[in-house]
Amino acid sequence: MTLRTHPSRPGFTLIELIVVVSIITVFAVLSAPYIAGMAASARLRTASETVQNRLMEAQSLAILFNTDAELRVYEAADLIDGRPTLRKLRIHTLRPPEDEPNAPATDVFEPVGAVTSLDQEIEISADATRSSIIDLGFQQNASDIYGRYIALRFHSDGSPALQPARPWFLTLHEKDAQLRDSKLKNFVTVQIDAATGHLRTFQP
């Protein structure tokens, strides 16, 4: 009886394994910034879509209820470092007098729906050169528990209450981006047409 022998299968040597692991590590290190940049861009796009949807909703409600409506952008403290940031949104509409439904609306605004919060890694720039809506000025209402805010108002015909002879826009960027670098590299700018309220976006 003879024993059959099988040819030995070649395996990886320790040196070959080290070389393969090293190559994979190099690729991972080189691709990490690219992957992180893609993730940040995706968060920015999602945040800009949220802002646009809230603006269009406020405009639609103004037309639907034949009254003024506004999107309030609140200044809220960051959960990590406490720094004031612009990332909370809520729609309000003017309340008509209860005893005279057809009378002009009062100056009392009522919230519509819940507060919308942007991603914790994204904020709206508070620099007026990057967000001209800052020039509208912050408002403070004692009945509004969320603190001071900037109001983007729409009239009953859907037109925004914005000065027509200048551009109006807001810029979203990564958290602390403008503190790290004076020139933003990854951002989305939402432009608001002062006559119609139509929105356009720009992302480099």
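**Entry 1: the cluster.** I began with the tyrosines and found that Y74, Y146 and Y149 make up one aromatic cluster. A reminder to myself: this is a predicted model.

**Entry 2: counting pairs.** How many aromatic pairs are there? I get three. I looked up Y74 with Y149 and noted an edge-to-face pair, with the ring centres 5.7 Å apart and 65° between the planes.

**Entry 3: buried or exposed?** I wanted to know this for both tyrosines of the pair.

**Entry 4: a phenylalanine pair.** Next I looked at F187 and F202, which form a tilted aromatic pair at 6.1 Å centre to centre, with 50° between the planes. F187 lies in strand 7 (residues 187-192) and F202 in strand 8 (residues 199-202), 15 residues apart. F187 is also buried, because its relative accessible area is 15% and the cut-off for buried is under 20%.

**Entry 5: strand 7 and its partners.** F187 made me curious about the strand that holds it. Five of the six residues of strand 7 are buried, so the rest of the structure largely encloses this strand. Which way do strand 6 and strand 7 run? They are antiparallel, and six bridges join strand 7 to strand 6 (residues 168-174). W168 has I192 of strand 7 as its bridge partner. Strand 8 also pairs with strand 7 in the antiparallel sense, over four bridges. Here I noted R200 in strand 8 as the bridge partner of Q191.

**Entry 6: the turn.** Strand 7 and strand 8 form a hairpin, and six residues lie between them. G197 is in the turn, and I wrote down its positive phi of about 85°.

**Entry 7: charges over rings.** Last, I looked for arginines over rings. R166 has its charged end over the ring of W168, 4.2 Å from the ring centre. W168 was already in my notes, as the bridge partner of I192. The charged end of R148 sits over the ring of F138, at 3.9 Å from the centre.

How values were computed: Residues are numbered from 1 along each chain as its sequence is written. This is a predicted model: local features need pLDDT of at least 70, side-chain atom pairs count only at pLDDT 80 or more; totals for chains, interfaces and linings use all residues. Side-chain values use heavy atoms; hydrogens and water are left out. Rings of Phe, Tyr and Trp (its six-membered ring) pair if their centres lie within 6.5 Å; planes under 30 degrees apart count as stacked, over 60 as edge-to-face and the rest as tilted. Helices (H or I, at least four residues) and strands (E, at least two) are DSSP runs, numbered from the N terminus. Buried means under 20% relative accessible area, exposed over 50%, partly exposed in between (1.4 Å probe, protein chains only). A charge sits over a ring if NZ of Lys or CZ of Arg is within 6 Å of the ring centre and within 35 degrees of the ring normal. Two strands pair if DSSP finds at least two bridges between them.
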